[in-house]
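Below is a short briefing on one protein chain.

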Amino acid sequence: KQVGKLLSEAEIAHFIVMDPQHLGNYRFSHALVRETLYVSLESHHRARLHRQIGETLEREALNNASPPISELAFHFFQAATESEVEKAIAYSIQAAEYATGTLGYEEAVEHYARVVQLLTLRPNEWQRCETLLAIGEARRRAGAMDAARESFHHASDLARQLPAPELLARAA
């Protein structure tokens with residue numbers, strides 16, 4: 001009852017509007033409204049909301065032949081903490097692989113870049129090197145050759161430090 005009242009008040013104030021494409025769903029009336037509300041939340045509240053959204057999407061995905069992997073990756077990335085980073089990494093990798101499979105190389109780079117960020121919470125230099133290689137490959141396929149070379153260069157530096165000759169060979 002309380003949620004319905006709040007939604008009604010937000011709609012009257014023109015903060016939200018009914019989504020014409022999804023009956024019963026709402027969206028913000030303007031991106032500035034969404035952004036203003038978002039930045040006003042404390043970081044731990046934002047993370048908790050993203051986690052709750054991710055968990056809701058996961059439950060709904062059980063009945064869906066094509067789960068919203070990109071959205072799951074985004075929400076769990078935003079919710080990631082040192083103790084809860086694995087799910088964010090897994091979904092980000094899945095989203096990157098899906099994007100690569102559908103020729104969305106720029107999107108794949110974004111997802112892989114999130115993995116690199118997440119690996120600062122749970123360091124794994126082998127996985128970081130693998131991810132840098134994947135970023136390089138996605139950039140190469142997107143035609144961003146200079147950026148691809150930069151990614152491969154970072155991967156080769158890391159492969160030398162590990163030492164990981166097979167990863168170094170791939171970077172070359």
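The chain carries 18 positive and 23 negative side chains, and the centres of these two sets are 2 Å apart. The model is a predicted one, and the points below are grouped by topic.

**Fold**
- Nine helices and two strands make up the secondary structure of the chain.
- In sequence order the elements run α-β-β-α-α-α-α-α-α-α-α.
- The chain is more spread out than a compact globule, because its radius of gyration is 20 Å, well over the 16 Å that the globule rule gives for 172 residues.

**Dimensions and contacts**
- The C-alpha trace spans about 60 × 35 × 35 Å along its principal axes.
- Taking contacts between residues at least 6 apart in sequence, 40% join residues at least 24 apart.

**Surface and burial**
- The accessible surface of the chain is about 11,000 Å², and carbon and sulfur atoms account for 56% of that area.
- Buried residues are 33% of the 172 in the chain.

**Helix H4**
- Helix H4 covers residues 69–79.
- Which residues of H4 are buried? They are Ile69, Leu72, Ala73, His75, Phe76, Phe77 and Ala79.
- The cover over these buried residues includes helix H3 (43–61), helix H5 (86–101) and helix H6 (105–118).

Key:
Residues numbered from 1 in each chain as written. Predicted model: local features only at pLDDT ≥ 70, side-chain atom pairs only at ≥ 80, totals over all residues. Heavy atoms only, no water. Helix = DSSP H or I, 4+ residues; strand = E, 2+ residues; numbered from the N terminus. Rg over C-alpha atoms; globule rule 2.2 N^0.38 Å. Buried < 20%, exposed > 50% of the residue type's maximum accessible area, 1.4 Å probe, protein only. Contact = heavy atoms within 4.5 Å. Areas by Shrake-Rupley, 256 points an atom, 1.4 Å probe, with all protein chains shown as cover. Lys, Arg positive; Asp, Glu negative; His and termini not counted. Charge placed at Lys NZ, Arg CZ, Asp CG, Glu CD.
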